[in-house]
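User: I am new to reading protein models and would like to learn how to look at a few local features. Could you guide me through them slowly?

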Amino acid sequence: MPARPWKRLVEVDPEREYLAIVTYLPLERYTEIREFLRATKQVVRQLEESAGAVAYSLDAHLPRKRFWTLSVWETSAALSSFARAEPHRALTREYGARMPGFATARWEVSGTAVPPSWTEARTRLQAASNGRSAG
């Protein structure tokens, strides 16, 4: 399944720096997929309403129970505010123990490089995972 096309939430300034973040979300059981997709819709709605969110894309490999998010933020503070707010906060707690392979990577990206490529994101994720498999 190809990655969901990028959704741009605000106009990007090519002269500034942004924060990109990629997450790897592996589920353990197929029975969790439907519930996880429902929760993902909630988080996407939250993201689309979050101050400081610039753009995002999602990717999923359902047969392998593997999911990825890739988003761009105006600042680290905006990303932190999103992560601490509901429903993201509660879902992070709920799924955290069920995703032992969870991984994330953050990096600065220039406005001219928004959106970052999935290839770059996965390379950075793999490097940040210190050799753990990311799918």
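Predicted model: local features only at pLDDT ≥ 70, side-chain atom pairs only at ≥ 80, totals over all residues.

User: Does Lys 41 count as buried or exposed?

Analyst: A residue is called exposed when its relative accessible area is over 50% and buried when that area is under 20%. Lys 41 has a relative accessibility of 56%, and therefore it counts as exposed.

User: Why does Lys 65 count as buried?

Analyst: The cut-off for buried is under 20%, and Lys 65 counts as buried because its relative accessibility is 14%. Lys 65 lies in the loop that runs between β3 (53-61) and β4 (66-73), and its backbone has a positive phi of about 60 degrees although Lys 65 is not a glycine.

User: Which peptide bonds are cis?

Analyst: For this feature we read the angle omega along the backbone. The bond from Glu 86 to Pro 87 is cis, with omega near 10 degrees, and Pro 87 is found in the loop between α2 (76-84) and α3 (88-96). The bond from Val 114 to Pro 115 is also cis, with omega near 5 degrees, and Pro 115 belongs to the loop between β5 (103-110) and α4 (118-128).

Technical notes: Residues numbered from 1 in each chain as written. Heavy atoms only, no water. Buried < 20%, exposed > 50% of the residue type's maximum accessible area, 1.4 Å probe, protein only. Helix = DSSP H or I, 4+ residues; strand = E, 2+ residues; numbered from the N terminus.
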